[in-house]
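User: I would like to go through this model term by term. Please set each value against its cut-off.

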Amino acid sequence: MRTVYWEDGVVKLIDQRRLPAVLEIVAYDDHKKIAGAIKDMVVRGAPAIGATAGFGLALAAFASKSTTKKDLLSDLQAASEELVSARPTAVNPGWVLTRILTRVAKSEMLDLMETRKLVLQEAQFIADEDVAINLEMAKHGSSLITDGDVIIHHCNTGSLATVDWGTALGAIRMAHEQGKKIHVLVDETRPRLQGSKLTAWELEQYGISYEIITDNMAGHFLRSGIANKVYYGADRVAANGDVANKIGTYMLSLAAKDNHVPVYPVVPTSTIDLTLRDGDQIPLEERDPREVLDLYFQGERVAPIEAKARNIAFDITPHRLITAIVTERGIIHPPFEENLAAVMRNE
Ligand code: MRU
């Protein structure tokens, strides 16, 4: 089952807020509701929100009442801006929408209905391509995994974070399918708990050995020599190799570096943004503090009722803490500035 797909004129999503308790598919017929679903994290994970935004644009194309091509293009531009602004850190929605709009702008010969169909066709193509890219990444990423590895994994980077198969978790899954005996320490990933909720749910289904750890246990497992690899995804990689990923990735990478444990972000090249010089230029989303404060333990709210909180959703890991970046085009080693540029030129 795919995380996001188009069926009978609507966009269907697995509602990730309800997992692992309930596997519910929700349908959307309006691009504004799609933008809301991305913001509310019905769907999340950089490639998954990219594909969802693409299908959202197709909804906007079919809903547009424009009678001229120029007006249709301006409706698509407006819809695209709404979809991109739903979550600012991941580059993927912007990448998908720019790709579709560029294709549409070049299709001067097509009439209005053919143009609408082209938007859907492109969105579908990008969704299918995501799965193929993830399989390629998994091949490269799994080649770094060996029998006996104990891997710390942060957030959720599996099928649910993409259209299917996943990025870092896809590599781990492929290593398991190759017969390698591995164990995954799953960071629970405060505050939204994508690790406990989603990664554990996926690993359970793949039959991969795992244990959930609280995020602040990672340092212990790295220092004691129990964990020997760190895998995660990314929402955006800057030209110098700095990586934006789920909050907590920086501290995890620091502890790994201090203990000489290799760190591998697994990312599709669509997540690499050479327009941004370094991680300081990547916009970091700050979410509603209630996601931090609405925590209950043994039936009682943990924080005082008057408490205030900060909820930064992503952080930047400087490239010096990263061993290599795995992409569908191969494994990229330092110096990242030079080697990322070469890979993006497809050399
Ligand atoms: O806030 P989320 O759940 O959308 O954050 C997701 C991540 O941080 C993932 O690691 C990232 O999108 C890359 S996984 C394909």
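User: Why is Ile312 called partly exposed?

Analyst: Ile312 has 28% relative accessibility. Buried means under 20% relative accessible area, exposed means over 50%, and partly exposed is in between (1.4 Å probe, protein chains only). The value of 28% falls in between, so Ile312 counts as partly exposed. The model is predicted: local features need pLDDT of at least 70, side-chain atom pairs count only at pLDDT 80 or more, and totals for chains, interfaces and linings use all residues. Residues are numbered from 1 along each chain as its sequence is written, and side-chain values use heavy atoms, with hydrogens and water left out.

User: Where does Ile312 lie, and what does Ile312 touch?

Analyst: Ile312 is in the loop between strand E13 (300–301) and strand E14 (314–317). Strands are DSSP runs of E with at least two residues, helices are runs of H or I with at least four, and both are numbered from the N terminus. Leaving out residues up to four places away in sequence, Ile312 touches Ile247, Glu285 and Glu286. Contact means heavy atoms within 4.5 Å. Arg173 is 139 residues from Ile312 in sequence and 29 Å away in space, C-alpha to C-alpha.

User: What makes the protein chain as compact as a globular protein of its length?

Analyst: The chain has 11 helices and 16 strands. Its radius of gyration is 20 Å, and the globule rule gives 20 Å for 347 residues, so the chain is as compact as a globular protein of that length. The radius is taken over C-alpha atoms, and the rule is 2.2 Å times the number of residues to the power 0.38. Along the principal axes, the C-alpha atoms fill a box of roughly 65 × 55 × 40 Å. Of the 347 residues, 55% count as buried. Among contacts with a separation of 6 or more, 75% are between residues 24 or more positions apart.

User: What makes a group of residues a nonpolar core?

Analyst: A nonpolar core is a set of buried Ala, Val, Leu, Ile, Met, Phe, Trp, Tyr and Cys residues joined through side-chain atoms within 4.5 Å. The largest one here has 42 residues. Val11, Leu13, Phe55, Leu57, Leu76, Ile100 and Val119 touch the most other members. Elements giving two or more residues include strand E2 (10–14), helix H2 (46–63) and helix H5 (112–142). H2 supplies the largest share, 11 residues. A second, separate core of 26 residues includes Leu185, Phe221, Leu252 and Leu340. In soluble globular proteins, nonpolar side chains tend to be buried together.

User: Which residues does Leu13 touch?

Analyst: Beyond residues up to four places away in sequence, the contacts of Leu13 include Val4, Ile25, Val26, Tyr28, Ala37 and Val43.

User: How do you know that Arg44 is buried?

Analyst: Its relative accessible area is 4%, under the cut-off, so Arg44 is buried. Arg44 is in the loop between H1 and H2. Among the residues Arg44 touches are Gln16, Arg87, Cys155, Asn156 and Gln194.

User: Is Cys155 buried or exposed?

Analyst: Cys155 counts as buried, at 5% relative accessibility. Cys155 lies in the loop between strand E4 (150–153) and helix H6 (168–177). Its phi is positive, about 70 degrees, although Cys155 is not a glycine.

User: Why is Thr157 called buried?

Analyst: Thr157 has 4% relative accessibility, so Thr157 falls under the cut-off and counts as buried. Thr157 is also in the loop between E4 and H6. Its contacts include Gly166, Leu169, Thr199 and Tyr232.

User: What makes His260 exposed?

Analyst: The relative accessible area of His260 is 74%, over the cut-off, so His260 is exposed. His260 lies in the loop between helix H9 (249–258) and strand E10 (263–265). Phi of His260 is near 60 degrees, a positive value in a residue other than glycine. Most residues other than glycine have a negative phi, and most peptide bonds are trans.

User: Which peptide bonds are cis?

Analyst: The bond from Leu19 to Pro20 is cis, with omega near 5 degrees. Pro20 lies in the loop between E2 and E3. The bond from Pro334 to Pro335 is cis, with omega near 0 degrees. Pro335 is in the loop between strand E16 (330–332) and helix H11 (336–344).
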